[in-house]
Amino acid sequence: MSTATKAPQVDPALQVRDPAETQRRIKMGGTLLLVAALIFYFWWSIDDELVYYLLTGERTRDTEPGELATHPVTLVCGVLVLAASAAAFLGLIRRGAVTLISMLIVGIAFLLCFVIWAYADLDVAFKPWITNPLPGTFAIATPLVLGALAGCLCERAGVINVAIEGQFLAGAFFASVVASLTYSAGAGLLGGIVAGVGISAMLALFSIRYLVNQVVLGVVLVVFAQGLTNFLLDQIPNEPKIKAYLNEPPKLDDIAIPGLSELPFIGEAMFNQTILVYLMYASVVIVTLIMFETRWGLRVRSVGEHPKAADTVGIKVRRIRWQAILFAGVFAGLGGAYYTVGSTGSFDKNASSGNGFIALAAVIMGRWHPLWATFAALFFGFMSSLRDQLTLVNKIPSELLTMTPYLATVIAVAGFVGRVRPPAADGEPYVKS
Amino acid sequence: MPDQGQSDEGGPPPSGSTVTKDKPAGGHRRADNKMAGWLPSVTVTFASIALALLVGAVLILVSDREVIESFSYFFSYPWDAFRSSASAIGESYKALVTGSVGSGGAITATLERAAPLICAGLAVTLAFRAGLFNIGAQGQLVLGAICAGYVGFHYDLPPVAHVVAALAAGLAGGALWGGLVGLLKARTGAHEVITTIMLNYVGAALLTYLLTKESFQQPGSDNPRSEKVAADATFPELLGVHSGILLALLAAVGVWWLLERSTVGFELRAVGANADAGRTAGMSVAKVYTLAMIVAGLLAGLAGAQQVLGHQDSLTANFGGSIGFDAITVALLGRATPLGTVLAGLLFGALSTGGLAMQASAASTPLALTQVLQALIVLFVAAPALVKAVFRFRESDDGGAVMAKGWNS
């Protein structure tokens, strides 16, 4: 086990004396033991010798699936997790990178066995194959990542953004309308950006100029955007001719990046996507670089942590906050555009169906850091994608499966993320005294 | 622009700043200094409603086909445009008022709509005062309704015991869902915003799952709809209104007592104002968080129980509508005080029943307008500086920075 060898040297006497450490060991070891027991249950209950998988390409009559021997794989995974559990009991898994890596291994092992179990022993003539969950992951996570980036930008500047859902809705609606009017999906993205920045401007105006409580404001802006988009949607007459001009946008085309899109496993999922997905990759890099490598980013973070100190050294607190919020609107608007021109086409009532709140959860889960928030959004996307896949298999009732990504998020937050610390001045309006 | 609708609402002329702030008699607390700036100045509230109705009037004009057509020949015959505008606005707002408080039936509908909003709003209010942002009223409400409904239709109990048992089950269900959030926050530090959002979805999925089970479905039916609760298990009616509204008012009084008069409430507010200071003073922050979320869940569970037990209803996948989310707006409009929450709940109840009437009226105003109105009212109430700037009020009131802090006390 790699985890055992990597563990740092610690004084054993010190550990025994610390009751909190003992408790932590028992908790972690016990949890892992439970996971191991589940995996061994899978190993014991599976009858099929083989399950089939296909990670790239479409399933046709001639495709040969990969084969996975159920019993050896589950057994190896089970032993691995059991070893991790023992290591946890012995205190070999300490905080830091070792914990992260071992938890990742345990998580992957468990999910693999769970998927094998779900696909094994199916009593149907046409056996389904395990498919690649990554394309679904990126499809679901793209708007979440963009929304989470917007959230990070606002909150790092000290303005709470609960209104990501509102920005999504406005972005989705106006992206659809603009794309329909111009018959260009690219122009639709611009429309989405303008709408996202518009909601951002309201957020900035009321939080910075009129000092409205930002949580109240966020909730209100969500309701406002819901009402406004529903209202405007009602105004579009149901005559096909007019509707075609207002709410039947062209969709973004998939663009395959030569070379990269032929990579196995990840190529199709990551590099044969719409321009919006590539914009999402770029946004993650841009926001991270700007926030941590530029002067403006330092200022944004300083007004979010200690506006008074920032003001003392001559930084215009309100101006920086305005800039950060408006800039955030660009990403949230793009994220909203995903729900119309990026995926389904025309705008329906509540098109983003609460995903803005999930983006908000990703911001907090990612500890207000753009990269971690991106990972949180991808984690949620992965879980949702897996859920969608398992729904087709029908071994577990789909109604119960629906809740798995949400439960997984709660478990991840409670188990691994734990207490988070927001930017110190998050939510506090700055009034010069 | 003529604006008949507003006079129907009976809003006071915005210039009248004679109305004084209503403060609860709570002289023995020093925290009152903070409260004073916090309580809604009644004038500003009414001015906000007027302002929101004004914006709503513009939206009504935009949505009315006849008005738009009359504006196309505005310069040759302007009177027509004015007349049609006035009639559209008048019709809509008249329908809003008569549909919400204009008749006995309308008042009943408003009260029954307001009752769960008030209860769920109190759930958000209470958590807010402890420094927790409870977005999970929806999930807690769903769990409460599941439990109350199950006891209501599955068991056969004597008349009074049945409704009490069903109600207790509903409260317990909500408390369980809320308490889980509090416990996770206290034990692991999991942020309540994340867990409540996620548990909302889990609750909704649980309900859809249960509705596919035979023990929940109506016998002989495959529809995702539960049996109706037994007649014994429904709330008794008083003057045509089911007694849910009474329970809601009782709950509001209870929350007021808890927050303002009890030791637990003092700890709750102290932790909400500054968790570190509370911890230094020897309070158990973990205990306060857990307790606050349990009671919040209890209140939301009450809202859910009312939804099923009020009118001998059956559970369906979306019986709760968006009460849990509207409750957040209600609580925030009520500035996280029990009295404010009750008033805001009544206002929102009236707006939503009136909104349906507006849709059915001659002007056929889209239902979404009510949503916009609700958002604008809360926005303006929360931004007194803006309202005062618009109406040029002279009084100085620093109610601007309402509960300035957000995430973690």
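Q: Where is A:Y183 placed?
A: A:Y183 sits in the loop between α7 (164–182) and α8 (185–209) of chain A. Helices here are DSSP runs of H or I with at least four residues, strands are runs of E with at least two, and both are numbered from the N terminus.

Q: What kind of model and numbering is this?
A: It is a predicted model, in which local features need pLDDT of at least 70 and side-chain atom pairs count only at pLDDT 80 or more, while totals for chains, interfaces and linings use all residues. Residues are numbered from 1 along each chain as its sequence is written, and chains are lettered from A and ligands numbered from 1 in the order in which they are written.

Q: Back to A:Y183. What is its phi?
A: The phi of A:Y183 is positive, about 50 degrees, although the residue is not a glycine. Most residues other than glycine have a negative phi.

Q: Is A:Y183 buried, exposed or partly exposed, and why?
A: A:Y183 counts as partly exposed because it has 13 C-beta neighbours inside 10 Å. A residue is buried with 20 or more other C-beta atoms within 10 Å of its own, exposed with 12 or fewer, and partly exposed in between, with C-beta atoms placed from the backbone.

Q: What about α7(A): how many of its residues are buried?
A: In α7(A), 17 of the 19 residues are buried, so the helix is mostly covered.

Q: Which span should α7(A) have, and how far apart are its ends?
A: At 1.5 Å a residue, its 19 residues should span 27 Å, and the end C-alpha atoms are 26 Å apart, which agrees. The expected span is 1.5 Å times one less than the number of residues.

Q: And α3 of chain B?
A: Helix α3 (residues 42–63) of chain B has 22 residues that should span 32 Å, and its end C-alpha atoms are 31 Å apart, in agreement. Of those 22 residues, 16 are buried.

Q: What is the phi of A:L211?
A: A:L211 has a positive phi of about 55 degrees and is not a glycine. It lies in the loop between α8 and α9 of chain A. A:L211 counts as buried, with 24 C-beta neighbours inside 10 Å.

Q: How far is A:I315 from A:R299?
A: Their C-alpha atoms are separated by 7.2 Å, and the two residues are 16 residues apart along the chain. A:I315 is partly exposed, with 16 other C-beta atoms within 10 Å.

Q: Zooming out, what is in chain A?
A: Chain A has 19 helices and five strands. Its radius of gyration is 24 Å, close to the 22 Å that the globule rule gives for 433 residues, so it is as compact as a globular protein of that length. The radius is taken over C-alpha atoms, and the rule is 2.2 Å times the number of residues to the power 0.38. Buried residues make up 50% of the 433 residues.

Q: Which domains does chain A have?
A: Chain A is divided into domain 1 (2–131) and domain 2 (134–417), with bounds from an automatic or database domain assignment. Their centres, taken over C-alpha atoms, are 33 Å apart.

Q: How many residues meet between the domains?
A: Eight residues of domain 1 of chain A contact 10 residues of domain 2 of chain A. On the domain 1 side, helix α5 (residues 97–119) of chain A gives the most, with three residues.

Q: How many residues does each chain give to the contact between A and B?
A: Chain A gives 46 residues and chain B gives 46 residues. The largest share of the chain A side, 15 residues, comes from α9(A).

Q: How many residues are in the largest nonpolar core?
A: The largest nonpolar core has 271 residues, and those with the most contacts inside it include A:A362 and B:C119. Helix α13 (residues 285–309) of chain B gives the most to this core, with 15 residues. Such a core is a set of buried Ala, Val, Leu, Ile, Met, Phe, Trp, Tyr and Cys residues joined through C-beta atoms within 7 Å.

Conventions. Two residues are in contact if their C-beta atoms, placed from the backbone, lie within 7 Å.
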